[in-house]
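Subject: Structure handover

Hello,

Here is the structure I promised to pass on. Please look it over first, then read my notes below.

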Amino acid sequence: MAVSDYTLDLIKRFEGYTAKPKWDHKQYSVGYSTRWEPGTPHGTREDHEAALRREADSVDSYISQNVKAPLSDSQRAARSRSRPWSARPGRSAPAPDARRR
């Protein structure tokens, strides 16, 4: 399932845009706060939009597989933004009890 334009717009508004990489908590980020690996090209705005979509799609897929309650577009968008780094595949998610709080 592809993430909606509504979700992408929400993330863009929340994150803002930066054309050059910057240190962002635990990683370097570029564009709409997507991960940037030092030594790789900074990319164009189109590259940054594509990276945002890939990352958001990955998080949305995780949500679809693990959240069983129906979600409105607003709830899905908020959830997609609320835990982007820890909800990526390959990262451990919090225990089910922790997610309900």
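A note on terms first: buried means under 20% relative accessible area, exposed means over 50%, and partly exposed is in between, with a 1.4 Å probe and protein chains only. By that scale H25 is exposed, because its relative accessible area is 64%.

This is a predicted model: local features need pLDDT of at least 70, side-chain atom pairs count only at pLDDT 80 or more, and totals for chains, interfaces and linings use all residues. Residues are numbered from 1 along each chain as its sequence is written, and side-chain values use heavy atoms, with hydrogens and water left out.

Confidence

pLDDT is the predictor's confidence in each residue, from 0 to 100. Its mean over the protein chain is 79. A value of 70 or more is reached by 76% of the residues. Among the elements, β2 has the highest mean, 93. Helix α4 (residues 96–100) has the lowest, 42. Over residues 83–101 the pLDDT is below 50. That stretch still has 23 contacts in the model beyond near neighbours in sequence; a contact means heavy atoms within 4.5 Å. Where pLDDT is low, the predicted coordinates should not be read in detail.

Overall layout

The protein chain has 4 helices and 3 strands. These are DSSP runs, numbered from the N terminus: helices are H or I with at least four residues, strands are E with at least two. The order from the N terminus is α-β-β-β-α-α-α. Of the 101 residues, 28% count as buried. Among contacts with a separation of 6 or more, 46% are between residues 24 or more positions apart. The accessible surface comes to about 6,700 Å², by the Shrake-Rupley method with a 1.4 Å probe, where for residues only the protein chains shown count as cover. Carbon and sulfur atoms hold 52% of that surface.

Core

Which residues make up the largest nonpolar core? There are 6: V3, L8, I11, Y32, L52 and A56. Such a core is a set of buried Ala, Val, Leu, Ile, Met, Phe, Trp, Tyr and Cys residues joined through side-chain atoms within 4.5 Å. Helices α1 (5–15) and α2 (45–66) each supply at least two residues of this core. L8 touches V3, L52, R53 and A56, leaving aside residues up to four places away in sequence.

L10 is found in helix α1. It is partly exposed, because its relative accessible area is 24%. L10 touches A77 and A78, again leaving aside residues up to four places away in sequence.

Aromatic rings

A search of the whole structure finds 3 aromatic pairs. Rings of Phe, Tyr and Trp (its six-membered ring) pair if their centres lie within 6.5 Å; planes under 30 degrees apart count as stacked, over 60 as edge-to-face and the rest as tilted. Y17 and Y32 form a tilted pair, 5.0 Å centre to centre with 55° between the planes. This pair links distant parts of the chain, 15 residues apart. Y17 sits in the loop between α1 and β1 (18–24). Y32 sits in the loop between β2 (27–31) and β3 (34–36). Y17 counts as partly exposed because its relative accessibility is 28%. Y32 counts as buried, at 6%.

Y28 and W36 form an edge-to-face pair, 5.9 Å centre to centre with 85° between the planes. Y28 is partly exposed at 36% relative accessibility. W36 is buried, with a relative accessible area of 13%. W23, Y28 and W36 form one aromatic cluster.

R45 lies over the face of Y17, at 3.8 Å from the ring centre. A charge sits over a ring if NZ of Lys or CZ of Arg is within 6 Å of the ring centre and within 35 degrees of the ring normal.

Backbone

Most residues other than glycine have a negative phi. H25, in the loop between β1 and β2, has a positive phi near 70°. S33 also has a positive phi, about 65°. S33 lies in the loop between β2 and β3 and counts as buried, at 7% relative accessibility.

Best wishes
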